[in-house]
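User: I would like to go through this model with you one point at a time, with the criterion behind each term spelled out.

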Amino acid sequence: MAERDETIEGEVVDEPLDPEREARRRLALAQIRQYPDAALKMKARPVEEFDDELRSLVERMKLLMVDAHGIGLAATQVGVLRRVFVFQLDEEQVAAVVNPEIVERSDETEVAAEGCLSIQGITVPVERSLHVVIEGADENGDAVRYELDDYEARCVQHETDHLDGVLMIDRTTPEARREALGVLRPRIVLT
Ligand SMILES: [Zn+2]
């Protein structure tokens, strides 16, 4: 996937965009809760009904994720406290995982720069398992199980954290956290 000038950082793809695409990205980001929005610190509740409301939420999240140039997006990031996220499963497919559980994670880990659609313009180093197995259901209630490596494994760990109100700045080193908050705080005062 890295044949072009792009870097995948957590749930964000960092890549130069043409003006039309960049405008669409900004519109999408405006609909995604931004740090320090209170919803980002809240724990989402399990989904009990696989109804049209859930399916339209998933549809909306998929569109927002693609427009925002992300590879993952959790419901808490659109202010909905339900346990569901979407992620880029492969080049063509964005998949939803409802009530996700990471059932296996490798002891082997990697520290890499991570970005977040809810904390724009910042990356922090986060240690994640290189390989995970995640289980849950799709938006129709059918069971799903994905064995994932590398950036996809990192992404679903990042998204599962979102559903528990945990952000990448809660997972980074104290120094990187301090530095990130130093950038974020003045921005909050100004906006
Ligand atoms: Zn995020």
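User: Which residue in E7 does glutamate 114 stand opposite?

Analyst: This is a predicted model, in which local features need pLDDT of at least 70 and side-chain atom pairs count only at pLDDT 80 or more, while totals for chains, interfaces and linings use all residues. Residues are numbered from 1 along each chain as its sequence is written, and side-chain values use heavy atoms, with hydrogens and water left out. E6 and E7 run antiparallel and are joined by seven bridges, where strands are DSSP runs of at least two residues and helices (H or I) runs of at least four, numbered from the N terminus, and two strands pair if DSSP finds at least two bridges between them. Within this pairing, the residue of E7 opposite glutamate 114 is valine 124.

User: How many residues lie between E6 and E7 in the hairpin that they form?

Analyst: Strand E6 covers residues 109-116, and strand E7 covers residues 119-129. The number of residues between the two strands of this hairpin is two.

User: How far apart are the closest N and O atoms of arginine 128 and glutamate 114?

Analyst: Arginine 128 lies in strand E7 and glutamate 114 in strand E6, so the criterion to apply is that of a salt bridge, a side-chain nitrogen of Lys or Arg within 4 Å of a carboxyl oxygen of Asp or Glu. Both arginine 128 and glutamate 114 are buried, a class that means under 20% relative accessible area, with exposed over 50% and partly exposed in between, for a 1.4 Å probe and protein chains only. The two residues form a salt bridge in which the closest N and O atoms are apart by 2.7 Å.

User: Which residues are linked with Glu114 and Arg128 in a network of salt bridges?

Analyst: Aspartate 161 forms a salt bridge with arginine 171, with closest N and O atoms 2.7 Å apart, and this pair links helix H3 to helix H4 (residues 168-171). Aspartate 161 is buried at 7% relative accessibility, whereas arginine 171 is partly exposed at 43%. The residues linked with Glu114 and Arg128 in the network are Arg154, Asp161 and Arg171.

User: What is the geometry of the site of the zinc ion?

Analyst: The zinc ion is coordinated by Glu11 (OE), Cys116 (SG), His158 (NE2) and His162 (NE2) at 2.0 to 2.4 Å, where donors are N, O and S atoms within 2.8 Å of the metal (3.2 Å for Na, K and Ca), and the site may look incomplete because water is not among the atoms. Four donors count as tetrahedral if all angles lie between 85 and 135 degrees. The angles among the four donor atoms of the zinc ion are 92 to 119°, and the site is tetrahedral.

User: How many residues apart in sequence are the parts that cysteine 116 and histidine 158 tie together?

Analyst: Cysteine 116 counts as buried at 3% relative accessibility, and histidine 158 is buried too, with a relative accessible area of 2%. Because cysteine 116 lies in strand E6 and histidine 158 in helix H3 (residues 150-163), the pair ties together parts whose separation in sequence is 42 residues.

User: Which strands are at the edges of the open sheet of five strands?

Analyst: The order of this sheet is E3-E4-E5-E8-E9, with antiparallel pairing. Each edge strand pairs on one side only, and these strands are E3 (72-74) and E9 (143-149).

User: Where does the residue with a positive phi of about 50° that is not a glycine lie?

Analyst: Most residues other than glycine have a negative phi. The residue with a positive phi of about 50° is asparagine 99, which is partly exposed with a relative accessible area of 23%. Asparagine 99 lies in strand E5.

User: What is the omega of the peptide bond from tyrosine 35 to proline 36?

Analyst: Proline 36 lies in the loop between H1 and H2. The peptide bond from tyrosine 35 to proline 36 is cis, with omega near 5°.

Terms used:
Tetrahedral: all angles 85-135°; square planar, octahedral: opposite > 155°, others 65-115°.
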